[in-house]
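Q: Please put the model up, and let's go through it together.

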Amino acid sequence: MLTKKMNEALNEQVKWELYSSYLYLSMAAWCADIGLGGVARWMRAQAQEEDFHGKKFYDYILERGGKVRLLAIDQPPHEWKDVIDLFEETLKHERAVTARINALVDVAMEERDHATNIFLQWFVSEQVEEEDNVNDVLAKLRLIGGRGEGLFYLDKELGMRVFTPPVPAE
Ligand code: FEO
């Protein structure tokens, strides 16, 4: 059984993961609009991954006998200065998500909820990977100045990304 505080904090996280999906979908639309089909595909895969994260929290709340309460999702931005700005905002967003996951771990510890603490460890590792992936794209973008032929090829590379949901452990 989840405590009320833990349950509410997890519901809040469902919202943030779904907002993340919404944000990346908005970024994908902006990319498609300016002719960056590969980056758009990368963002679509990222949106799918966030949707998966949201559902993972949702399923966990139900599994623990908690109550899922879906909260209102904010409207995401729909305009960015350029592709470097886009990925800087992505990194900022992922860092904010990392801080939220860490705060959730704090709540789990305060509530002496060991099961939720263990569940959250998957997300702690996932955030290390998420930030690293975005940092990597950002470094490449800065290297090529975010334009021209370099961007053309990076767009192709990023367009290869496909989201495959992790296979649950037996
Ligand atoms: Fe679900 Fe990108 O954090």
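This is a predicted model: local features need pLDDT of at least 70, side-chain atom pairs count only at pLDDT 80 or more; totals for chains, interfaces and linings use all residues.

Q: OK, at what angle do H1 and H2 pack?
A: H1, residues 4-33, packs against H2, residues 37-63, at about 165°, and their axes lie 8 Å apart. Both are DSSP runs (H or I, at least four residues), with axes fitted to C-alpha atoms over the stretch in contact and angles running from 0 to 180 degrees between N-to-C directions.

Q: So are H1 and H2 roughly parallel or antiparallel?
A: H1 and H2 are roughly antiparallel, a label given to angles over 145 degrees.

Q: What kinds of residues make up the contact of H1 with H2?
A: The contact of H1 with H2 has 17 nonpolar residues, along with eight polar and four charged ones; here Asp, Glu, Lys and Arg count as charged, Ala, Val, Leu, Ile, Met, Phe, Trp, Tyr, Cys and Pro as nonpolar, and the others, Gly among them, as polar.

Q: Switching to H1 by itself, how far does H1 reach?
A: H1 has 30 residues and reaches 44 Å from its first C-alpha to its last, which is close to the expected 44 Å (1.5 Å times one less than the number of residues).

Q: And which residue with a positive phi follows H1?
A: Gly35 follows H1, and the phi of Gly35 is positive, near 90°.

Notes: Residues are numbered from 1 along each chain as its sequence is written. Side-chain values use heavy atoms; hydrogens and water are left out. Helices (H or I, at least four residues) and strands (E, at least two) are DSSP runs, numbered from the N terminus. Angles under 35 degrees count as roughly parallel, over 145 as roughly antiparallel, 65 to 115 as roughly perpendicular and the rest as oblique.
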